[in-house]
Amino acid sequence: MNLLDTEITDESFLLGLIPQRPPFVMIDRLIHYSEKRIISGFTIPKGNILATESHFSAAGLIENMAQTIALHTGYKYYLANKPAPTGYIGAIKSAEVLAIPEVDQELTTTIEIIHDIMNVTLVEAQVTCQGQLIAQSQMKTALAS
């Protein structure tokens with residue numbers, strides 16, 4: 001069940017769902033939300049802290065995936081009328097970067113929740129750019145207690 005009727009692009013609303021703050025924000029759209037899945041969007045701006053003049057970095061792709069997980073948690077808490085929690089990457093089991101996107105390109109990041117137990121979430125993540133898979137990972141995040 002998709003609990004999101006329309007794409008959300010309101011920056012202040014999105015910032016209320018994640019702990020990161022500019023200039024370290026690597027998401028700018030909430031495209032899809034369900035209990036076990038989220039899809040975010042991010043158009044890489046010129047001057048991004050994790051980009052060179054013309055390319056995004058592998059670290060930026062990992063951070064984009066982690067922030068998409070945080071976005072899922074934040075939106076879940078929003079639906080429950082609770083403040084968004086702070087979390088962190090607990091472990092990266094695997095990560096593969098197949099291509100580095102250019103500045104101004106749009107990323108679409110899909111997170112599938114595998115397990116969500118006792119404030120630890122295990123996910124599989126995929127990042128696409130122009131319809132091509134450019135990065136994927138499996139990681140665990142944990143909520144700060």
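**Salt bridges and their partners**

Author: Glu 7 is partly exposed because its relative accessibility is 39%; the term covers values between buried, under 20% relative accessible area, and exposed, over 50% (1.4 Å probe, protein chains only). The model is predicted, so local features need pLDDT of at least 70 and side-chain atom pairs count only at pLDDT 80 or more, while totals for chains, interfaces and linings use all residues. Residues are numbered from 1 along each chain as its sequence is written, and side-chain values use heavy atoms, with hydrogens and water left out.

The structure holds six salt bridges, each defined as a side-chain nitrogen of Lys or Arg within 4 Å of a carboxyl oxygen of Asp or Glu. One of them joins Glu 7 to Arg 29, with the closest N and O atoms 3.8 Å apart. Glu 7 lies in the segment before helix H1 (11-15) and Arg 29 in strand S1 (residues 29-34), so this pair ties together parts 22 residues apart in sequence. Helices (H or I, at least four residues) and strands (E, at least two) are DSSP runs, numbered from the N terminus.

Arg 29 is buried, because its relative accessibility is 10%. Arg 29 also meets Glu 106 in a salt bridge of 3.0 Å, N to O. Since Glu 106 belongs to strand S4 (residues 106-117) and Arg 29 to strand S1, the pair ties together parts 77 residues apart in sequence. Glu 106 is partly exposed, at 40% relative accessible area. Glu 7, Asp 28, Arg 29 and Glu 106 are linked in a network of salt bridges.
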